[in-house]
Amino acid sequence: MKKWFFYDMDIGNIGIGCKDTGITDALLPGGLPDDTGTVAETQLHREAFRQLKEYFAGTRREFSLPLSPEGTEFQKRVWKCLLSIPYGETRSYKQIAEMAGCPRGYRAVGMANNRNPIPIFIPCHRVIGANGSLVGYGGGLDIKKKLLRLEQGR
């Protein structure tokens, strides 16, 4: 059964969903949990919160948490590619499509990015348009800008 817990962070209230297998969801401010599960804090929630605080303080560049995103095989392949984008760097949708073995599938990559259930932990904010523009983000472009500025030391 999924358990949810919410924390007040620098960008607003973030909800974290967990199952025994790991973190399944991260809700950005304004996001609502699905109807499954209960509200109860676990040790995994506390550890995720601790690592998020370090990330926002600029002292953590990588998360070391068990992640269990639910999605199609293609989505999981894309999310695995997102995890390989180094802190402070960005990649285009086209580059991610090539990494995922689907060179012309940049629109499909965009949809997989949009469906990422664990933003920040799976860094979909590091994906930008081919021309360098900030294109879409589930939490809004303001949050995407904040995350990229944080990682680029600005």
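## Exercises on a predicted model

In helix H5 (residues 141–151), the residues Ile-143, Lys-144, Leu-147, Leu-148 and Glu-151 are buried. This is a predicted model, where local features need pLDDT of at least 70, side-chain atom pairs count only at pLDDT 80 or more, and totals for chains, interfaces and linings use all residues. Residues are numbered from 1 along each chain as its sequence is written, and side-chain values use heavy atoms, with hydrogens and water left out.

**Exercise 1.** Find how the buried residues of H5 are arranged and what they pack against.

*Solution.* Start with the terms: buried means under 20% relative accessible area, exposed over 50%, and partly exposed in between (1.4 Å probe, protein chains only). Helices (H or I, at least four residues) and strands (E, at least two) are DSSP runs numbered from the N terminus. Next, look down the axis of H5: its buried residues fall within an arc of 130°, so they line one face of the helix. That arc is taken from the directions from the helix axis to the C-beta atoms. Then find the partners, which are helix H1 (43–57), H3 and S6; contact here means heavy atoms within 4.5 Å. Finally, step just past H5 to Gly-153, which takes a positive phi of about 70°.

**Exercise 2.** Sort the residues of H4 into a buried side and an exposed face.

**Exercise 3.** Locate Cys-124 and list what it touches.

*Solution.* Begin with the record: an unreviewed UniProt entry annotates Cys-124 as "active site", and such annotations may be inferred rather than shown by experiment. Go to the loop between helix H4 (106–114) and strand S6 (127–128), where Cys-124 is found. Cys-124 counts as buried because its relative accessibility is 5%. Leaving out residues up to four places away in sequence, Cys-124 touches Leu-82, Asn-113, Asn-116, Pro-119 and Tyr-137.
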